[in-house]
Amino acid sequence: MCGIIGYIGPKQVTTLLVEGLRRLEYRGYDSAGVAVITNPSSPSSTRELQIVRCRGKLSELEGQLAGAAPQGNVGIGHTRWATHGRPSDENAHPHRFESVAVVHNGIIENYLSLKRSLSERGHSFSSETDTEIIAHLIWEELQRVAPGPDRLLTATQRALKHLEGAYAVVVLCTDTPDEVVCAKSASPLVLGLGDGENLIASDVPALLPHTRRVIFLEEGDLAQLTREKVRVIGLDGVERKRPERVITWSLLAAEKAGYKHFMLKEIFEQPRAVTDTLRGRLSHAPADALLDGYDIDPSKVKRLFVLACGTSFHASLVGKYLIEALARIPVEVDLASEFRYRDPIVSSGDLVVAVSQSGETADTLAAIREAQKKGAQIFSIANVVDSSIPRTSQHSLYTHAGPEIGVASTKAFTTQLVALALLALHLGRRSGRLSEEAAQAFVHDLTSLPAKLTQVLQTAEQLQQLARTYGHCRDMLYLGRGPQFPIALEGALKLKEISYIHAEGYAAGEMKHGPIALIDEGLPVLVLAPHDGGYEKVLSNLSEVKARGGHVIAITTEGDHSLRTLADHVIEVPAVHPLLAPIITVVPLQLFAYYVADFKGTDVDQPRNLAKSVTVE
Ligand code: M6R
């Protein structure tokens with residue numbers, strides 16, 4: 001999730017670009033850069049494309065620009081959140097080939113094959129990014145388009161037809177200095193309409209100092225910006241009419257896309273985040289998961305450990321159910337903070353999977369270092385590219401959820417579950433324990449997740465109501481069985497973290513061994529009861545709660561009839577493979593925790609005593 005800005009008009013562009021990038025920094029910042037056409041009105045031989053870019057925060061770029069800012073009125077800028085290629089000066093955007101410079105947000109799935117064929121045509125590359133090939137492709141097309149007012153637009157349109165994946169791309173070219181071209185597929189872009197100037201950005205906050213008149217680009221749109229006008233066409237070249245809107249949000253509300261808190265925004269981003277985790281990693285015939293070039297031979301894996309902390313630990317517990325069911329390989333899941341201190345029995349031939357959103361959690365890092373010292377191979381699942389945990393690992397699978405700003409982890413969790421499902425599928429196929437038919441069904445359900453997540457988000461209003469009813473309670477209990485047990489733990493953790501209400505997550509079958517004593521009149525009990533192998537048993541547990549006066553909020557599969565008479569409130573979620581159901585059932589719990597905290601008026605995004613990244617023991 002990178003930040004993009006582009007400008008054409010009368011103003012000095014470099015300062016404007018940097019200010020715009022500052023307002024997009026919340027989208028991620030491991031490197032930043034600008035490209036400016038200097039002397040745009042002079043003959044082409046004296047026009048220059050000046051690029052300044054570097055690794056690090058925007059302040060690093062500002063340092064480089066101090067006293068040496070390119071002078072011009074047409075330019076593009078970018079803050080990067082790495083996907084392909086580690087954060088470095090070379091991988092920072094803009095990327096350039098000859099007269100063409102591009103900035104890009106998204107993932108080009110077929111970039112390796114495109115890079116290969118460009119190399120065969122004599123191109124060479126200076127970065128590890130998927131973005132650089134876009135500049136090469138546009139330049140090639142540009143050589144085939146006759147000079148004229150739409151040359152860059154036509155070349156970009158033709159080049160984009162080669163790309164598969166997600167992109168928001170903005171293009172600048174010294175041969176056509178009076179236009180900026182951009183295009184959108186799956187990643188956001190919004191045009192800002194000014195007077196004698198026009199802008200493009202990946203989000204509204206960057207535009208607000210200049211204009212409140214905007215056009216949100218839609219899938220497959222390309223736009224040409226000149227000083228006087230903007231024009232939108234489709235990939236087929238046909239003009240598209242897009243409505244102009246006037247933004248009335250404050251700057252802060254705009255950063256949160258109009259949501260009250262980052263946490264709520266991130267909960268609602270989950271369909272997009274899961275799409276990005278799956279992107280380019282599923283094959284349909286034969287059904288299989290591709291782990292970014294990493295191939296695991298299960299017959300060479302002596303033992304498999306999964307290590308993590310907090311929410312990532314809960315994801316790891318679901319991972320155990322996934323891997324054991326699909327690949328029939330025993331999995332030991334451990335809290336990283338416990339593992340590192342107990343002289344763990346681990347040795348060469350063992351595979352340790354580390355799961356971490358930040359990639360910087362001190363306990364997880366120390367645990368994998370300990371395992372590595374003893375000879376284990378480390379495979380990490382992380383969100384922040386090139387953070388310490390992936391850097392310490394032999395292989396990494398990035399979740400591509402985009403920066404998570406709310407301290408309470410939401411989209412990082414669901415995307416970790418998707419990554420673990422991909423790992424389980426991969427191991428199941430390689431071990432031969434998952435048949436083609438079963439794998440097909442699993443892949444089908446994996447691809448259905450974004451739409452189902454969109455559907456489950458429609459329960460938000462119902463959960464807001466429930467939060468008002470139960471937000472005053474002192475304690476709550478969460479119950480689940482099988483792969484829903486870790487979801488009970490996660491639901492309770494979410495509530496504790498942001499609303500400061502005491503909550504316990506329990507395996508429903510354990511209730512009779514102790515926690516049943518807690519149940520009295522009015523205790524809210526959230527029960528995870530999707531239609532899976534544990535459903536009937538969960539119904540009995542739920543009846544035990546009811547018999548003691550507890551208030552039951554049940555989360556179940558849509559169309560369920562039994563629970564309507566048993567539970568006080570029923571939240572229906574779409575049906576999905578039981579091992580993928582945690583990705584769906586956790587969403588109502590995230591929403592419930594959010595609305596309770598909001599009802600109580602706590603600091604949702606920065607709850608007391610917590611940090612986003614726990615880099616100390
Ligand atoms: O960055 P990590 O996933 O390694 O972080 C682990 C925990 O600190 C983290 O999940 C924490 O529990 C969150 N605040 C949960 O919402």
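Select Arg240 to begin: in this predicted model the residue is partly exposed, with a relative accessible area of 28%, and its side chain meets that of Asp221 in a salt bridge of 2.6 Å, N to O. The two partners link distant parts of the chain, 19 residues apart, with Asp221 in strand E12 and Arg240 in the loop between strand E13 (230–234) and strand E14 (245–246).

Next, select Glu219 and Lys184, which form a salt bridge whose closest N and O atoms are 2.9 Å apart. Because Glu219 lies in the loop between strand E11 (213–216) and strand E12 (221–225) while Lys184 lies in strand E8 (residues 180–185), the pair ties together parts that are 35 residues apart in sequence. Here Glu219 is partly exposed, with a relative accessible area of 45%, whereas Lys184 counts as buried at 8%.

Then move to Glu140 and Arg121, where the side chains meet in another salt bridge, 2.8 Å from N to O. Glu140 belongs to helix H4 (residues 132–144), and Arg121 to the loop between helix H3 (111–120) and H4, so this pair ties together parts 19 residues apart in sequence.

Finally, show the ligand and the 14 residues around it, of which Ser312, Ser356, Ser358, Thr361 and Glu497 come nearest. An oxygen atom of the ligand is 2.4 Å from an N or O atom in the side chain of Thr361, and a backbone N or O atom of Ser409 lies 2.8 Å from a ligand oxygen atom. Taken alone the ligand exposes 410 Å², of which the protein buries 91%. To finish, colour helix H9 (310–327) and helix H16 (485–499), the elements that give two or more residues to this shell; H9 gives the most, with three residues.

Conventions: Residues numbered from 1 in each chain as written. Predicted model: local features only at pLDDT ≥ 70, side-chain atom pairs only at ≥ 80, totals over all residues. Heavy atoms only, no water. Near = heavy atom within 4 Å. Polar contact = N/O pair within 3.5 Å; in protein donor to acceptor, adjacent residues only side chain to side chain. Areas by Shrake-Rupley, 256 points an atom, 1.4 Å probe, with all protein chains shown as cover. Helix = DSSP H or I, 4+ residues; strand = E, 2+ residues; numbered from the N terminus. Salt bridge = Lys/Arg side-chain N within 4 Å of Asp/Glu carboxyl O. Buried < 20%, exposed > 50% of the residue type's maximum accessible area, 1.4 Å probe, protein only.
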